[in-house]
Amino acid sequence: MIRAGRQHLARTLTDIAEQQGIAVQTLLNSGQHLAEGFPAPLNAGRTRLYDGDQVDAHLAGLPVPELPTADDDDDLLDRQEAAALRGEPLSVWDRRKKDPVVSEHLVRVGGVEHWPRHIVRDYTPTPRARTSRGGGGRPTGAGDQVPRDQLPVRVAQLLDQDPALTAADVTDRLGVHRNTAQAALTAVRAERMADVMDQHALTAAQAAAALGYPAGQTRRASVRAEAVLRGRQARPYLAAVAQSLHARGWSSTDAPPAVQHPEDDACVAAFVLDAPAAPAPALVWSERHGWRTAPSRRHPLGKGAAWPLPGDGVRHLADGTTPAPADLINALDPTT
C-alpha cells in the first residue's frame, strides 16, 4: 500500500531506470530490483511501485528508512489489498469498484488503481435483486463467452493486473468453463516463467516468485515451464534435422519441414517424410523416448496412444541418446 501523504514518492521501475540513466530492460536484465537490500515493492501487482525515499537511500548506499506502520484512513490500497481488507475475492472487488460511490475516489499511481482505505472499508454495496431462482454461475450447457483464440490474451491481461489470479477468477471474469480457465492460466504462467528462467538462469520456483505468482498455484505451471524451456533449447537441433531431411530429398514439402511442438508435450518434434523409394512414416522425437518412426503419417505423434507406440512400424533409433543429424538420417536410409 501507499501510506498516507506518500503518493508523490511512489516510483515505477521505469522511473528508477530513468533515475540511473539506463533503459528499463537493462534494469530488468541486471536483476538489480531483485537483489538483496533493494527496497521491497509497495504492492504485489505486475506493475511494481517503490517508495522514492527508500530507493534514493539504497542507490546512495545509505540505510533504507522504514515506512510508517500505523494505518491511516487516507492510505491508498490497490485492488489486492482492497479485496483483502474486505475479506472478498478479487473478482468481487472488481465488481465493487465500478460502483460510482467507489469509482469516484479512484486514484491511479504509476498506472496502478488505488482507493483510500476508508472508502474501501466503509463501502456498503446495494443488495441486488435476484432475477431468477437459479443457483448462480453459468447456465447448464452454456458455451464459453470468450473465443478460444482470444482467451490467452485475455488471461494474460488479467494476470498483468493480478499475479495471484485463480482459475475461479478467470471463470468469473471471462465466463469460461473452469477447466478451460485453468488450462489457459497454466499455459500463460508457464510461458512467462520460461521467459524469466531463460533470461536469468532461474529455477521454476524462483521464476514464479520473481513474477509474484503464489507458490501454491504454480505446481502445474512449473512443470510445464520446464518443458517449454527444454523445447526451446531443443529447437536448434531439431531445425538442423529438418534441414538435413530436406537436403536428402525426404521432405514432403517444398521447404524444410516445420518442427511441431504439441501443446501436450513441449519437447516433441514430428516430421512427415516422403522417401524416394517408398513413403516413409513420420519421424518423431521426444525427450522421454529419443528418436523413433511413427506408423501413421496422419497422426505422427500417436495422439491418444500409449508411449512408446506399439506395432511393427515403430523403430526406436536412439536409446536415450541424441544422434547427430547426419547419423540420424543414415540410420533411417534403407539404402545404407
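Let's start with strand β5, residues 112–116. All 5 of its 5 residues are buried, so the strand is largely enclosed by the rest of the structure. Keep in mind that this is a predicted model.

Now the side chains of β5. Val112, His114 and Pro116 point one way. Glu113 and Trp115 point the other way. Both sets are buried.

Next, the partners. β5 pairs with strand β4, residues 107–109, in the antiparallel sense, over 3 bridges. Within that pairing, Val109 has Val112 as its bridge partner. The β4–β5 hairpin has 2 residues between the strands, and Gly110 there takes a positive phi near 60 degrees. β5 also pairs with strand β3, residues 76–77. That pairing is antiparallel too, over 2 bridges. Here Leu77 stands opposite Trp115.

On to the rings. How many aromatic pairs does the structure hold? There are 2. Take Phe38 and Tyr50: ring centres 5.5 Å apart, planes at 80 degrees, so this pair is edge-to-face. Phe38 sits in the loop between α2 and β2, Tyr50 in strand β2, 12 residues apart. Phe38 and Tyr50 are buried.

Then Trp93 and Trp115. Their ring centres are 5.3 Å apart and their planes are at 85 degrees, so they too are edge-to-face. Trp93 belongs to helix α5, residues 90–96, and Trp115 to β5, so the pair ties together parts 22 residues apart in sequence. Both Trp93 and Trp115 are buried.

Last item, a charge over a ring. Arg189 lies over the face of Tyr213, at 4.8 Å from the ring centre.

Notes
Residues are numbered from 1 along each chain as its sequence is written. This is a predicted model: local features need pLDDT of at least 70, side-chain atom pairs count only at pLDDT 80 or more; totals for chains, interfaces and linings use all residues. Side-chain values use heavy atoms; hydrogens and water are left out. Buried means under 20% relative accessible area, exposed over 50%, partly exposed in between (1.4 Å probe, protein chains only). Helices (H or I, at least four residues) and strands (E, at least two) are DSSP runs, numbered from the N terminus. Two strands pair if DSSP finds at least two bridges between them. Rings of Phe, Tyr and Trp (its six-membered ring) pair if their centres lie within 6.5 Å; planes under 30 degrees apart count as stacked, over 60 as edge-to-face and the rest as tilted. A charge sits over a ring if NZ of Lys or CZ of Arg is within 6 Å of the ring centre and within 35 degrees of the ring normal.
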